[in-house]
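I opened this notebook to record what I looked up in one structure. The entries follow the order in which I worked.

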Amino acid sequence: MNLHEYQAKQLFAEFGIPVPEGRPAVTPEAASAAAQALGGGRWVVKAQVHAGGRGKAGGVKLVESPEAAAVAAQGMLGTRIVTHQTDAKGLPVQTVLVEKAGSIARELYVSLLTDRATESVVFMASAAGGMDIEEVAATTPEKIITVTVPPAQGFSAYQARRLAFGMGLAGDEVPQFVAIAEGLYRLYVASDASLMEINPLIVTDEGRLVALDGKINLDDNALYRQQRLADWEDASQEDAREHEAATHHLNYVSLEGEIGCMVNGAGLAMATMDVIQLYGGTPANFLDVGGGTTAERVTAAFKLITADPKVRAILVNIFGGIVRCDLIAEGIIAAVKEVGLKLPVVVRLEGTNVERGKALLAESGLAIITAEDLDDAARKAVAAAKA
């Protein structure tokens, strides 16, 4: 789950990480009031979307009066921001962040992420802040310093100093960065984050380090113990079908093809998509209904798939291990009847009670196409979609 910038900065402030004074606003009038309340002579109005590259897309404006803040907010609210990290439709802007503008002497980059290969948290830092870190990594990788933090050991001040010296910080800037890095690590662990980024972390003309931007991704698997943060979710920033799937505990990713897929198990789902491609089709989605598949979950899955107007056929590929194939077949039959499905459905079942499951499908009287194996199912699904 992603957080907005203003939410990330709220957490930063709670953990002692300096951030600019700012307030979120959902109307132009609120943006003007926020600028007046913050005081000062210049403000920055930022569109709040879950994507980078806002500045290049007109989502960041420097203004010099509360009235100008209202105008800038008016130009952003209710629009959609398209960046290199969004699709062609972009993301809707429902909130802006109004902040006091300050001086910038240098821009740095710092992030934390979970490295599953080493089972550790990794700090990444660079003196080339304010740029696309992917570009820095590709063209000047020597500018990126990394530190690995084993969970059992925890983060140490000497590791923060190594990052600080690597970015060229000196004097009082070093202890400031140590405090920021320690706060980031504590927040990372406390919030069950999977990624945390400050880009840029600025050094002001007065020598203060301030988090000018903030990005936090949370581990969805840990949201059950992060109820406060889970309540901050902004469904408008997600694909509508993917959000609906999450409410039914389904793993769903929308794709661009014409064959809807319903599979139990992530590995089997990826293999299914590969075989569809092999036989000349393209998958419309990744959908893993999980090992404990139920009739209700199957019905929800069918509704998600059929909500996609591009889908011309559906391939159901289920291995009955934890759940018996006859129960899966009953769920498929009930779902097809409830949804009133008109699209061709190809079903491949394998596992416990598979013969009974196939018999139920054959006796249902529904236009369900059964398949003997995955290759057979993919061929039949591609043929049905083309027909």
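The entries below cover a sheet, a helix, aromatic rings, one aspartate and some backbone features.

**Basis.** I note that this is a predicted model, in which local features need pLDDT of at least 70, side-chain atom pairs count only at pLDDT 80 or more, and totals for chains, interfaces and linings use all residues. Residues are numbered from 1 along each chain as its sequence is written, and side-chain values use heavy atoms, with hydrogens and water left out.

**Sheet.** I took helices (H or I, at least four residues) and strands (E, at least two) as DSSP runs numbered from the N terminus. I looked up an open sheet of 4 strands and found the order 1-6-2-3 with antiparallel pairing; two strands pair if DSSP finds at least two bridges between them. Strand 1 (22–25) and strand 3 (60–63) are at the edges, each with a single partner strand, so one side of each lacks a neighbour in the sheet. From one strand to the next the twist averages 20 degrees. For angles, axes are lines fitted to C-alpha atoms, for helices over the stretch in contact, and values run from 0 to 180 degrees between N-to-C directions.

I then checked strand 1 against strand 6 (residues 96–100): they run antiparallel and are joined by 4 bridges. Gly-22 has Glu-99 in strand 6 as its bridge partner. Helix 1 (residues 5–14) lies across strand 1, strand 2 (43–47) and strand 6, at about 50 degrees to strand 6. Helix 2 (residues 28–38) also packs on the sheet, touching strand 1, strand 2 and strand 6, and its direction makes about 20 degrees with that of strand 6. Contact here means heavy atoms within 4.5 Å.

**Aromatic rings.** I counted rings of Phe, Tyr and Trp (its six-membered ring) as a pair if their centres lie within 6.5 Å; planes under 30 degrees apart are stacked, over 60 edge-to-face and the rest tilted. The count comes to 2 aromatic pairs. Phe-123 and Phe-155 are stacked, at 4.5 Å centre to centre and with 25 degrees between the planes. This pair links distant parts of the chain, 32 residues apart: Phe-123 is in strand 8 (residues 120–126) and Phe-155 in the loop between strand 9 (144–149) and helix 5 (157–166). Ring pairs join Phe-123, Phe-155 and Tyr-185 into a cluster.

Buried means under 20% relative accessible area, exposed over 50%, and partly exposed in between (1.4 Å probe, protein chains only).

**Helix 6.** The buried residues of helix 6 include Phe-177, Leu-184 and Tyr-185. Just after helix 6, Asp-192 takes a positive phi of about 55 degrees, although Asp-192 is not a glycine. Asp-192 is in the loop between helix 6 and strand 10 and counts as buried at 15% relative accessibility.

**Other backbone features.** Most residues other than glycine have a negative phi, and most peptide bonds are trans. I recorded a cis peptide bond between Asn-199 and Pro-200, with omega about 10 degrees; Pro-200 is in strand 10 (residues 193–203). Asn-353, not a glycine, has a positive phi of about 60 degrees and is partly exposed at 35%.

**Asp-288.** I located Asp-288 in strand 15 (residues 285–288), where Asp-288 is buried at 9% relative accessibility. Its contacts, not counting residues up to four places away in sequence, include Leu-250, Val-263 and Ala-266.
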